[in-house]
Each structure stands twice: as C-alpha cells, then as structure tokens.
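The tour goes from one selection to the next.

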Amino acid sequence: MRHLHNKSFNVQTLNIGRRKASVFISRTLKHDVSSHLSLLAKEVLSSPADSRQLQIIKHNDDENFFLKSSKLRHWKHRLRSTFGIKRAGHYHSPIAEIHNHIALLEHDYIPKIQGYGIIRSPLGIIERTLIITDYKKETLNLKEHLSLHPEKLESTLQIAFTLIKNHLQDDLIHLDLWMGNILIDTNTNQPWMIDVEVFKKTRKEGLTAEKLGFCLGYLFRLELSAFISFEQYLALVEQWVSLSWKELKISEIYPTLHWAAHTIISRKQRLRKFQ
C-alpha cells in the first residue's frame with residue numbers, strides 16, 4: 001500500500017461494515033473544505049454504485065472540485081491496484097491517475113489533486129478508488145473551443161502546441177493528449193492538461209523530436225482532423241516549430257507525426273514506446 005501514501009495528504013481510515021476505507025485529503029486545504037471533501041469521499045466510497053461516478057463539487061464561489069470514482073470490476077485489476085503491480089512501467093489506470101497527479105503537483109498546467117481514496121474488501125483488496133482535483137469552471141476543452149470559435153483555429157492550436165512543448169521540456173509526456181484532454185480558460189487562454197492516467201516521466205536526453213511528433217500526430221488523429229486537413233495542419237506545425245522551437249527541424253518530427261496521425265495506437269503500445 002506504500003504506493004498510495006504521500007506526506008502531503010492527511011489520511012483518515014474508517015470501517016464500513018467489514019470493509020475499510022482510507023481517505024487522503026491535501027494538507028493545504030482549509031479545515032472546512034477538508035471536512036467537506038472528506039465526508040463526501042467517504043459517502044462515495046461506501047456507495048454500492050456499480051459504475052464510474054463523475055461529480056462537480058461546488059464548495060463556494062471560488063473553490064470548486066471535480067470528483068471521479070471508479071469501481072474495479074476484474075479481480076486482476078484489483079490485485080494490480082492493491083499490490084502496486086506495473087505493466088509497461090504503468091500502474092492500473094485509476095491508481096496511475098492518483099500516482100501521476102501526486103507526482104505532478106508542482107506543474108501549473110495540471111489541475112492539482114486535492115484528495116483521493118480507496119475502499120478495501122475484508123481481505124484487504126482494493127475495490128473502488130476516487131480522486132478529487134481542482135475544477136476549472138471557466139474552461140472549454142479544445143474541441144468545444146474550436147466548435148464555438150472556428151475562426152480562432154490557428155491561434156487556438158498554437159496555444160495547444162505551446163502546452164505540449166512546455167510539458168515535454170519538463171521531461172514529461174501525456175500519452176492520451178486528444179482534444180478532450182486539453183482545457184482552455186475562456187478568459188485568459190491559459191491551457192490545462194487533464195486525465196493524466198497515461199502520463200510518463202521521460203528521459204532528459206534524446207527523442208525530443210519523436211516525442212513532439214507523437215503528441216502532435218496523436219492530437220490530430222483523434223477528432224482534430226474534423227477541423228483541419230493534414231496538409232494544413234502540417235503547414236501550421238512547421239510554421240510554429242520554425243518560430244517557437246528553432247533547434248528542431250520538421251524533417252525530424254515528421255516521421256513520428258505522420259505515423260501517430262494515421263495509426264490507431266493502443267495504450268500498451270504508447271506506454272512501451274516511451275519507457
């Protein structure tokens with residue numbers, strides 16, 4: 001269970017029938033907020049609901065949170081989650097999302113995790129998880145933004161490209177960065193990355209062009225192709241690279257970009273490619 005503990009969070013444990021729940025709440029929160037989130041987390045963990053739960057928590061006008069709860073259906077997933085077993089260097093998805101969010105606390109383009117929890121069977125096996133993050137209420141995802149403002153296609157994609165550059169320069173890579181996982185603040189144009197369960201720390205040296213090519217190609221293939229042709233997209237990428245990442249050449253980026261833009265790539269393939 002060590003893979004789920006972190007000193008930045010207070011932990012509370014309670015018995016629910018014969019099961020045991022553990023709730024972790026950020027030490028940075030005020031007492032009333034912490035108590036509110038803790039109580040809600042306990043209610044969700046003890047729920048008999050069979051499916052994933054998504055909930056926006058409105059504490060006050062300034063503090064809003066997003067809660068996601070997942071039931072682990074398969075016994076293999078429960079064992080992997082309980083014992084911290086990795087495949088291709090990756091925890092099972094709900095645990096990976098918690099683990100990655102904690103590791104990304106210092107990065108200001110990722111909504112901060114404020115709490116998480118698990119509930120275990122009488123045998124100590126994890127059955128359900130939850131995660132609570134900051135909720136960015138005045139945002140649209142990239143698809144919504146372009147649907148409402150098609151005339152801002154070029155400037156909006158440049159915001160997304162710069163976000164990709166920033167996280168790659170932090171030696172990170174989001175391996176599921178489609179349009180729905182990029183948020184843009186409607187007032188400030190600040191971008192955010194969400195759904196970080198398929199997210200990895202990468203080596204500092206090498207593969208920069210390949211990683212950039214993958215992110216740009218993957219972004220295009222999943223629904224962005226409905227807004228712009230590949231030829232137009234490539235021209236926009238080339239222009240952006242020449243101005244914003246001059247040490248790279250489009251000829252270095254293109255092979256992986258083309259591959260990722262035109263190939264269905266499984267999660268396992270993505271994880272293994274950037275180990």
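Select Glu223 and Lys143: they form a salt bridge, with 2.4 Å between the closest N and O atoms. The model is a predicted one. Glu223 sits in the loop between H6 and helix H7 (230–244), while Lys143 belongs to helix H4 (residues 142–148), so this pair ties together parts that are 80 residues apart in sequence. Show the surface around the two side chains. Glu223 has 32% relative accessibility and counts as partly exposed. Lys143, at 34% relative accessibility, counts as partly exposed too.

Next, select Arg270 and Asp176. Their side chains meet in a salt bridge at 3.8 Å, N to O, a separation that falls within the 4 Å cut-off used for salt bridges. Arg270 is part of helix H9 (residues 267–273) and Asp176 is in the loop between strand E8 (172–174) and strand E9 (182–185), so the bridge ties together parts that are 94 residues apart in sequence. Are Arg270 and Asp176 buried or exposed? Both are buried.

Glu210 forms a salt bridge with Lys273, and the closest N and O atoms are 2.6 Å apart. Glu210 lies in helix H6 and Lys273 in helix H9, so parts that are 63 residues apart in sequence are tied together by the pair. With 22% relative accessibility, Glu210 counts as partly exposed; Lys273 counts as partly exposed at 32%.

Now select Arg19, Arg78 and Glu127. Salt bridges with shared partners join these three residues into one network. How many salt bridges does the count come to? The count is eight.

Two packed helices are described by the angle between their axes and the distance between the axes. The axes of H5 and H6 come within 11 Å and cross at roughly 145°. The crossing of H5 and H6 is right-handed. To see the contact, select Phe161, Ile164, His167 and Leu168 on H5, and Lys211, Leu212, Cys215, Leu216 and Leu219 on H6. Coloured by type, the residues of this contact divide into seven nonpolar, one polar and one charged.

Definitions and conventions. Residues are numbered from 1 along each chain as its sequence is written. This is a predicted model: local features need pLDDT of at least 70, side-chain atom pairs count only at pLDDT 80 or more; totals for chains, interfaces and linings use all residues. Side-chain values use heavy atoms; hydrogens and water are left out. Axes are lines fitted to C-alpha atoms, for helices over the stretch in contact, and angles run from 0 to 180 degrees between N-to-C directions. Helices (H or I, at least four residues) and strands (E, at least two) are DSSP runs, numbered from the N terminus. A crossing is left-handed if the near helix is turned anticlockwise from the far one by less than a right angle, and right-handed if clockwise. Contact means heavy atoms within 4.5 Å. Ala, Val, Leu, Ile, Met, Phe, Trp, Tyr, Cys and Pro count as nonpolar, Asp, Glu, Lys and Arg as charged, and the others, Gly among them, as polar. Buried means under 20% relative accessible area, exposed over 50%, partly exposed in between (1.4 Å probe, protein chains only).
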